[in-house]
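Dear colleague,

Please find below the structure I am handing over to you. My findings follow it.

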Amino acid sequence: MENIKPVDYIIELELDLKRFRFKGTTKIILEIESPAEEVTLNILDLAVWSVKWLKDAETTLDCMFIHDPGQEKLIVRPPEPLSGARTLLINYEGEINNKMAGLYRSFYTFENERRPVAITQFEESDARRVFPCMDHPAKKAAFTISLVVDKDLKTISNMPVQSEERLGGGKKRVRFHRTPNMSTYLVFIGVGDFDMIQDREETPVRVFTPPGLIQYAGLGLDFGRKSLDFCESYFQSPYPLPKMDLIAVADFAFGAMENWGAVTFRENLLLDYPNVTSNAMRERICEIIAHEIVHQWFGNLVTPADWKYLWLNESFATYVAYGVVDHYHPEWRAYDQFIAGGFTEAMNRDAMHDTTAIEIAGGEHVVINSSTAPIIYSKGGAVLRQIEGYLGRDRFQRGLRRYLESFAYQCASSRDLWETFESATEKPIMHIMESWVSQPGFPVVEVRRDGNRLILSQNRFTYLPNDFEQTWPIPLTMTLFMENGEQKTVSALFDSSCSEFPIDSHVAAYKLNHEQTGFYRVQYRDDTNFERLSEFIRSKTISPVDRWGLENDMFALAVSGRISVAAYLSFIDHYSDEDAYLPLTGIAGHLFDIYRRASDAGKSGIAEKGRRLFDPVLRRIGYEPLETDPHSVSLLRDRLIYLSVVFGSDTASRFAWDQFEAMAGGRPVHRDIQKSVLQSGAYLGKAAAFDRLAQEFRASQSEQARMNILIAMGCVQEPELVERVQAFALEEVPDRNKFVPVSALCSNPAAVPYMWPYFKNQLNRLEKMHPMHFERVVESVVSVSVNDVDDVKEFMMKYQEKNPKMKDVTTLALEKLEINRRFKLD
């Protein structure tokens, strides 16, 4: 169908929010280069009543059509071959479903009444659930949308309302302005009762919420405007639509969706609840908003030519979004959050044998799931960070601007990006980018000193043993510490399996991967140099990012078996006087990882080390938050309180329990420690503590508070309470959040032994989750079930055979299971 392209869609939908049905009429104007005897469109779950060819202004002819549900296709055969500009008119009907895909129903509660709204979610290929179309990103067209709805309901789409017409029977027709050329997955429709606020700029930013929640939209409105202004300036490209809507949705499978001009969000990722939304969540809200606003250029203005190029959307949105946040809130050190979060997640995912390239093979469908998302989003973002470090900020920005200018309203491929960057920056990056984007995995660089030279080698890093033969062109950055106390930063391109790098005889020590800008690990084979680096950790001669990098690499080397866990535990003693957020939060997470994998006997030693490290930190920063606290202190405190409780700190346990009792008694607890207090209460308490959490969950009107409670429920310690949490997840938690307490239980050593039997016994109910959420449950449960390895492997291999779509997550989960099985303290 390459010779047929859509030009315009003229769509009218009549929605019935009582019966949850809709009737549709879609007129598709096609441009057909050569005579075609049939036209193939995509549809899914639509009942098509008729297809007509509008031959001319006075002639309408019926067309034969065949519906192929398995291929999700509608094959239209007109009475004679079509060529040139031709129009099809299709009448059909569909369901406003409960799948959080296509046009679906969501519910909110207002004035004790449960009310529905209709919302769309089309990425990757669910526009076909709402209108027949060529549902592929390269098939861009303009859209003119009309909605027939009850007269009291509000409507939202990508463009502003053009006209409103009163109809009989209490209905109205709302027509929206025609869109620019765009892909089907970016179309948006919302119908329901919304509250709205907007700013007063010429191109307004508007925030829509369910009734009663608009008071919490101020942060979203403010940062939406800031993000839009930043992107227009940074890209030197005006935002092309006449408005920008941010829409809070009660039931939503993802975090947010970048529909052009009408972005949807989970409520807790847009709304700022007083005395509930922590500083950490406020930063997360800003980062999510920035991510979706960046998409208005990367993805919407310039769209991937095929799904395998999806990284052109997500990698840029991920990386540039942190730049937006850092611009307005430098005190938050947003890039630290990227390093601690997405960067680390990507390295962990990419250290699997069964990983994928950033540019995913295929094209017709590239599903964003727990297997692919860390690579497309975070590894892609990390590689862009590496390239920016290689090019310099000014050249990198120049490349972005040239790319957007060259492909505005069009589609692009990876090669289009590389060629544009080379042209704009006059730097040969095509070889570097192609290698990092097209091959899976990443390297570990081994380095040792031999007199006045460094001996370097690289091979692919994986947690399990491998025999891969891969190399990457690595933009190495290196800090040289001179005998006189000076420091020099040097760079080189390391693009072979082995190499030598000359250094001055007065170099006392060296550290690879300066400021952790490179996506690779380092193993030092020179004991003398490593001892000097350890001294620099203790004296804080090197930056917090570099201290984090050394610790993070050491833990990864321990997981892979390249060094012992005991060697890692001995190494982190050098951080006994650490005071920076990034290395401390890294050590905290890794100690807990070791703790939850350790035997009962081994746990006591890990817990003691945790207390020795973190009790002094909490004494220094204080348990009680202050409004004057630096942002990093707020984040660190909440992170350490619960872990210190788990590690048996008496002081932390007393404080957390007192705070939990205060919350139960209706007294306020500072928003920045509510999550850790709830977790600690669940951990320390008995059945009465769980009952309090369940009661608060049922009563809460804040999605953020509900999320904190569900995470806390996963921390219970008694077997009967684990069973109650498992039942609560399926029976009382909304579909959008059922996976949250289940995943939390899988991080709880006391609950892990009960998760595999639960999974098997409740599989039929768990399978009813949104597919992405079910995959998270599969990965979480399977990967930790080390006591049932043989049964897990046999069961999941059979399950995968029956359910081929589960192959990616099953393979990932089983490999993680093997890693966990091998990773031992002794």
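A hairpin connects strand β4 to strand β5 through 2 residues. In this predicted model, β4 spans residues 46-56 and β5 spans residues 59-62. The two strands run antiparallel and are joined by 4 bridges. Within this pairing, W53 stands opposite L61 in β5.

The next point concerns the packing of two helices. Helix α1 covers residues 218-235, and helix α6 covers residues 393-407. Their axes lie 9 Å apart, and the helices pack at an angle of about 95°. Since angles of 65 to 115 degrees count as roughly perpendicular, α1 and α6 are therefore roughly perpendicular to each other. On the α1 side, the contact involves S233, Y234 and F235. These residues meet F396, Q397, L400, R401 and L404 in α6.

The largest nonpolar core has 287 residues, of which F131 and W311 touch the most other members. Helix α3 (residues 311-328) supplies the largest share of this core, namely 10 residues. As for F131, leaving aside residues up to four places away in sequence, this residue touches Y9, I11, T26, N42, L46, Y92, F122, F143, T184 and V187. One of these contacts, L46, belongs to strand β4, which covers residues 46-56.

With kind regards

Technical notes:
Residues numbered from 1 in each chain as written. Predicted model: local features only at pLDDT ≥ 70, side-chain atom pairs only at ≥ 80, totals over all residues. Heavy atoms only, no water. Axes fitted to C-alpha atoms, helices over the stretch in contact; angles between N-to-C directions. Parallel < 35°, antiparallel > 145°, perpendicular 65-115°, else oblique. Contact = heavy atoms within 4.5 Å. Pairing = 2+ DSSP bridges. Core = buried A, V, L, I, M, F, W, Y, C linked by side-chain atoms within 4.5 Å. Buried < 20%, exposed > 50% of the residue type's maximum accessible area, 1.4 Å probe, protein only.
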